[in-house]
Amino acid sequence: MSGRDESEHPVLLALEHIGKTYPGVVALDDVSVDFRRGEVHALLGENGAGKSTLIKTISGAIRPDGGRILIDGRSLDHLTPPAARRLGIEVIYQEFNLVPTLTVAENVCLGEYDGWRADFAAYRRKCAALMADLEVDIAPDTLVRDLPSAGQQLVEIAKALAKSPRLLIMDEPTAPLSLSEVETLFRIVRKIRDQGTSVVYISHRLDEIFDLSDRVTVLRDGRYIATRRTADTDRDELIALMVGRTLLETYPPKAHAPGEVALELKALAGNGNEAMSFALRQGEIVGVAGLIGAGRTELAKLIVGAASRDGGVMELHGRPVRFHSPRDAIAAGVGLIPENRKEEGCFLGQSIRWNVSIAALRRVLGRFGIRSNIEVDLAERYFRMLRIKAPGIETAVVTLSGGNQQKVVIAKTLASEARVLIFDEPTRGIDVGARGEIYKLMVDLAAQGIAILMITSDMEELLGMSDRILVLHEGRMTGLLPRADCSQEKIMALASGLTGN
């Protein structure tokens, strides 16, 4: 944290008595907060606390029910997206806002086209300069759809910075990034802050808040709770402000020993990965580490049949299997909770009940169709188990916060009764309180004999939850170590290809 005197910085934007209500939900309740020029102002709160609604108010994406917005002292009752852009407000949302079929350069310069006079060569040069400034090796002519989630996040950042914003809102920007990319992002944020840009930074990772922010504001249940100078607070106080209760130890203890081998890969290759050989045991959590391009998500998709294999063998409970699609994997008891919940994890337009039951049709289908009582009981069970914040199971998933959408994806996968689970970034966008619930759930599942492969970019999570850690570098294994033999430095060396096989 900077330890700077923020009082020297004038207020750029202030919200006064902002309210917003949706059917059955009070999203914001009389919220007042200000953001100063040249500061990084963190916004904290559990999923459903009102953070997303607040930033949508600032960006003009929604119109508040009451209150006013002051920019440079000018009072407004609401903003529109074009007006916010003209005032220098840019947002990097938690869910990507890119055009997959366009190139990186076209996405970065989107909105700058001027009819037939579009200078695509100039766009490529501008994009290349931005990527160089970000210290990111992404070619301007690459199609966005061909990039992994982490690469797309970096394109979002470049796209926002291309507009030279006065106020930049970043919603969970590091969620898909590895440690080295996070350090690059922090350097960029500090640079633009020192140039006078205001940054509103939303993250559930408290270490980031203390590393980067000057002030921090906490919301809870749609209400303003407090604003603190980051230098004057600590982790325990922020957690207590966020959740209104004392949390148990972050990573629950494991009291069981791994059992028989559940899933074994023998020189399995494909989807950009070289021969992979390792065994995953019942009741075991194996973490998967690696930098962008390491092949972590590609490995998950190869296992569940979402990508074709080039060679090798995969055995499930001692028997060779070959999945031609994720449907085959689900039928065999292998489930994937993907990192991209919006496009791959759930049906946003459908209800929570529908999403849970679609993954468990064999359990809810009867001779004459869906057995509604079983369907409702199943949805209610996971609704309560995962403490999904919504009016009820008939709520459309699209109306939920990002973290609660992630819980629906987990519920949907658990409902399939898989005995091997692959969690790809399981706590991306999930608050500190809900993270503890997800961790306890994973440990409980492991205690029931379920084998878990956990892909994560969060080093603390990797070291805190894994029994063993598999490290990848550019599509090949560089290490498979017991947690007791691991350190952040050793993992980073293996992930960078500096040591290993």
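What you're looking at is a predicted model, where local features need pLDDT of at least 70, side-chain atom pairs count only at pLDDT 80 or more, and totals for chains, interfaces and linings use all residues. Residues are numbered from 1 along each chain as its sequence is written, and side-chain values use heavy atoms, with hydrogens and water left out.

**The second largest pocket**
- The second largest pocket holds about 1100 Å³ of space; a volume here is the space filled by probe spheres set on grid points, joined across faces, edges and corners.
- A pocket is an open set of points on a 1 Å grid over the protein atoms alone, where a 1.4 Å probe fits, with protein on both sides within 12 Å along at least five of seven lines; lining residues have an atom within 4 Å of a point.
- Its lining has 39 residues, and S52, K56, T399, L400 and S401 sit nearest the centre.
- Helices (H or I, at least four residues) and strands (E, at least two) are DSSP runs, numbered from the N terminus.
- By type, the lining splits into 15 nonpolar, 16 polar and eight charged residues. Ala, Val, Leu, Ile, Met, Phe, Trp, Tyr, Cys and Pro count as nonpolar, Asp, Glu, Lys and Arg as charged, and the others, Gly among them, as polar.

**N404, tucked away**
- N404 lies in helix 15 and is buried, at 1% relative accessible area; buried means under 20%, exposed over 50%, and partly exposed in between (1.4 Å probe, protein chains only).
- Beyond neighbours within four places in sequence, N404 is in contact (heavy atoms within 4.5 Å) with N47, G48, R387, I388 and K389.
- The N404 side chain also reaches the backbone nitrogen of K389 at 2.9 Å.

**Two nonpolar cores**
- A nonpolar core is a set of buried Ala, Val, Leu, Ile, Met, Phe, Trp, Tyr and Cys residues joined through side-chain atoms within 4.5 Å.
- The largest has 51 residues, of which V104, V108, M131, M170 and Y201 touch the most other members.
- Helix 5 (residues 149-161) brings the largest share of this core, seven residues.
- A second, separate core of 40 residues includes C346, L386, I410 and L414.

**G318, out in the open**
- G318 sits in the loop between strand 14 (311-316) and strand 15 (319-321), and counts as exposed at 54% relative accessibility.

Note on methods
Polar contact = N/O pair within 3.5 Å; in protein donor to acceptor, adjacent residues only side chain to side chain.
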